[in-house]
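Here are my notes on this one, as numbered points. Keep the viewer open while you read.

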Amino acid sequence: MIYPKIPLAQSIIEICLAKGITTIIISPGSRNAPLTIGFAQNANFKCYSIADERCAAFFALGIAQQTQQPTAVVCTSGSALLNYYPAVAEAFYSQIPLIVISADRPQSKIDIGDGQTIRQQNVYENHSVFNANLTEEASVENDLKINKAIETAILKKGPVHINAPFEEPLYETVEALSVKSKITNTEPSLETKTIENSEEIVSIWNSARRKLIMVGVNEANAIDAEITENLAKDPSVVVLTETTSNLHHPTFINSIDTLITPFEDSDFKDFQPEILVTFGGMIVSKRIKAFLRKYKPKYHWHIDTLRAYDTFNALSHHFVMQPNDFFKDLFSKAVTIESDYFEGIKKVYDLRKIRRKEYLDKIPFSDFKVFEKVIEALPKNSQLQISNSSAIRYAQLIHIDPSIEVFCNRGTSGIDGSTSTAIGAAVASGKQNVFITGDISFLYDSNALWNSYIPKNFKIILINNGGGGIFRILPGHEEKTVFNTYFETSHHLTAEHLAKMYQMNYFTASDKGTLEKNIETLFESNQAPAIFEIFTPTAENDVILKQFFKELN
């Protein structure tokens with residue numbers, strides 16, 4: 001076995017192995033050479049080399065998103081680790097375990113004019129769950145910090161930072177370890193299975209005639225079918241889901257904006273819940289946030305093992321437990337009461353679905369029509385990754401087959417690493433993975449394709465409307481130079497030459513006929529990753545979408 005000669009590097013590698021951290025994404029560099037040598041030459045680790053640090057961190061995030069296990073990303077000193085920051089922030093808000101291991105200069109070289117040197121200690125302090133600032137020599141104190149970092153990433157489901165100073169020479173190796181690393185064993189805390197003060201909670205639940213359950217970003221199969229059925233058959237319960245909720249039932253409302261956008265004041269008052277129960281991650285719909293902030297529930301209960309955000313300024317209780325356990329305990333003691341809450345909303349939503357179909361049937365080729373056709377063509381049991389901005393919002397308006405798992409970086413809602421995340425997720429999941437993205441998001445993260453590990457069946461569906469279409473939907477849109485240049489970012493770029501450079505199959509569509517023809521071809525071809533670029537009319541897209549909400553009544 002080949003090991004780096006530097007004892008501190010040996011300690012980091014050995015502790016990672018002992019803790020089961022075996023997926024390592026390496027950003028090539030010099031100062032991290034001791035770590036690269038140790039990880040890459042040890043068959044116990046699965047190593048990936050990703051040159052662009054921002055892409056590397058989001059690629060690692062995609063792997064951790066799928067495995068729910070910590071993934072390590074390793075970089076050299078200087079600005080390299082700053083390029084990891086967007087993914088670190090996403091991991092923090094999406095509760096994804098990510099381990100950043102940065103090589104550093106020794107403390108004596110900081111702020112004296114040495115090259116590739118910045119103040120690296122605690123650089124992620126505002127968006128990490130633990131920071132391990134190591135000293136240059138291997139020690140028990142360093143070992144304990146490394147152990148603690150890894151354990152915290154697992155227990156708190158978030159990013160941690162291990163900063164390791166190395167002095168030259170960096171490339172020397174040995175055939176035997178010179179350290180015996182200290183490995184700590186932390187007993188996992190037992191999760192609460194029952195509701196505290198359950199009598200009071202059950203009493204409130206049993207007396208409320210209007211209960212609204214809202215599910216954010218959520219893992220598939222996290223809720224038992226029996227729980228789902230209990231929620232569905234209770235006349236006092238309305239369940240709102242989004243595409244990223246991965247929770248399905250024919251009675252659940254899976255397009256929040258389709259339901260509530262046409263509401264008037266009297267409708268909102270009728271919909272106002274007595275109890276709001278939320279679980280899962282971030283919610284996409286801005287309209288539901290505005291509604292619940294104005295028409296506050298009497299009680300807002302959030303269920304999460306780690307944290308609860310007071311999104312609607314009405315949070316009354318944080319249940320520190322798994323949602324499945326909460327509902328299992330609740331329904332063992334709850335009773336069903338008479339209510340017309342669900343029935344009233346169901347009638348409205350059933351009408352909305354009829355209006356939606358009528359509208360989609362008559363609209364011309366546009367972003368909205370493309371999303372309808374693309375989503376209905378997705379292979380069953382595949383995995384769908386969606387970029388942020390208008391892409392994830394359009395996806396909320398279309399029914400997605402329940403067999404398809406849906407993911408999006410909703411922690412910070414940024415466009416910066418969507419493609420890299422999707423590729424990492426495809427590598428980890430092994431499923432047929434389809435990534436739907438807008439042109440600005442795709443171009444912004446185009447270095448994601450500089451990646452030797454993209455599965456051959458990975459598909460990118462790129463909807464190119466010539467700029468940031470989301471800004472045409474938002475208030476303030478005017479056809480002026482300032483808007484087109486500084487907000488919408490108008491362009492005439494395509495993915496054709498990128499596809500050629502990275503040896504990906506490339507298909508295009510610019511009307512309904514070529515869309516339907518080439519989407520079939522896209523899923524038939526698995527000899528190489530593919531980009532399917534669909535060109536839509538810039539000026540018409542926002543008009544068509546806005547008119548949709550007007551015709552829902």
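1. In which kind of crossing, left-handed or right-handed, does α1 pass α2? The crossing is right-handed; the term applies if the near helix is turned clockwise from the far one by less than a right angle, and left-handed applies if anticlockwise. Helices and strands here are DSSP runs (helices H or I, at least four residues; strands E, at least two), numbered from the N terminus.

2. Before going on, a word on the source: this is a predicted model, where local features need pLDDT of at least 70 and side-chain atom pairs count only at pLDDT 80 or more, while totals for chains, interfaces and linings use all residues. Residues are numbered from 1 along each chain as its sequence is written, and side-chain values use heavy atoms, with hydrogens and water left out.

3. Back to that helix pair. Helix α1 (residues 7-18) packs on helix α2 (residues 33-40) at an angle of about 40°, and the axes are 9 Å apart. The two are therefore oblique to each other, the word for whatever is not under 35 degrees (roughly parallel), over 145 (roughly antiparallel) or 65 to 115 (roughly perpendicular). Axes are lines fitted to C-alpha atoms over the stretch in contact, with angles from 0 to 180 degrees between N-to-C directions.

4. Who does the touching? On the α1 side, A9, I12, I13 and C16 make the contact, and on the α2 side P34, L35, G38 and F39 (contact means heavy atoms within 4.5 Å). Seven of these residues are nonpolar, one is polar and none is charged; Gly counts as polar and Pro as nonpolar in this scheme.

5. α2 is mostly covered, with six of its eight residues buried. Buried means under 20% relative accessible area, exposed over 50%, and partly exposed in between (1.4 Å probe, protein chains only). By contrast, A43, in the loop between α2 and β3 (46-49), is exposed at 81% relative accessible area.

6. Now the largest nonpolar core, which has 41 residues; F368, L384 and I534 touch the most other members. Its largest share, five residues, comes from helix α13 (residues 367-376). Such a core is a set of buried Ala, Val, Leu, Ile, Met, Phe, Trp, Tyr and Cys residues joined through side-chain atoms within 4.5 Å.

7. Look at S366 too, in the loop between α12 (341-362) and α13. S366 is buried, with a relative accessible area of 0%. Leaving aside residues up to four places away in sequence, S366 touches T536, P537, N541 and I544.
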